[in-house]
Amino acid sequence: RAVLRRLLSGADVLVENFRPGGLDRLGFGDAALREIRPALVHLAISGYGRTGPAANRPGYDFVIQAAGGLMSITGDADDGGGHPTKVGVAITDVVTGLFATIGILAAVIERGGQRVDVSLLGSTLAILVNVFTDKRERAAAIGIWSAMTGAAVALGPVVGGYLLEHF
């Protein structure tokens, strides 16, 4: 803890992917981080977001690809006996990292002192934007998000009160 406290005292950005509350349990919750380094940008990556019924589940690329519906559009066509198939790369992890980077950069421009939250599920749903072309498909995607997180439909990082992505 002393080593982390010393590192944080001179850091500009903290990136962590504990389940929600993980840093709190170590004594490094939001209030403690602000006390140590008021200008710190704290990026928290989670599987399903900070709140809701799935918040404490660990997030794995493979599982999120299935839960978010990405696997339903890969592999052989359903009429050919195809089954949901994992994308060849850990795309959920990659895209979440890109959204996280955008959030960090926005927070740095805002002069730090921000918490940025990005979830694997939210990032996955965000990249499926062109898949859900009719109202029923969009409603189903929103239902997935709401059921898993218990939250409204904000899928991306919120920095300085601004939603960086939306559904």
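Visitor: Which residues of strand S1 form its covered face?

Guide: This is a predicted model, and in it strand S1 covers residues 13-16. Val13 and Val15 lie on the uncovered face of S1, which leaves for the covered face Leu14 and Glu16.

Visitor: Which residue in S2 does Val15 stand opposite?

Guide: S1 and S2 run parallel and are joined by four bridges. Within S2, the residue that stands opposite Val15 is Leu43.

Visitor: Which residues does Leu43 touch, leaving aside those up to four places away in sequence?

Guide: Leu43 belongs to the largest nonpolar core, which has 11 residues in all. With those up to four places away in sequence not counted, Leu43 touches Leu14, Val15, Glu16, Ala100, Ile104, Val116 and Val118.

Visitor: Which element gives the largest share of this core?

Guide: The elements that give two or more residues to the core are strand S2 (41-46), helix H5 (91-109) and strand S3 (115-119). The largest share, five residues, comes from H5.

Visitor: How far apart are the end C-alpha atoms of H5?

Guide: H5 has 19 residues, and at 1.5 Å a residue it should therefore span 27 Å. The model agrees with that expectation, since the end C-alpha atoms of H5 are apart by 27 Å.

Visitor: Which residue just after H5 takes a positive phi?

Guide: The phi in question is about 85°, and the residue that takes it, just after H5, is Arg111.

Technical notes
Residues numbered from 1 in each chain as written. Predicted model: local features only at pLDDT ≥ 70, side-chain atom pairs only at ≥ 80, totals over all residues. Heavy atoms only, no water. Core = buried A, V, L, I, M, F, W, Y, C linked by side-chain atoms within 4.5 Å. Buried < 20%, exposed > 50% of the residue type's maximum accessible area, 1.4 Å probe, protein only. Contact = heavy atoms within 4.5 Å. Pairing = 2+ DSSP bridges. Expected span 1.5 Å × (residues − 1).
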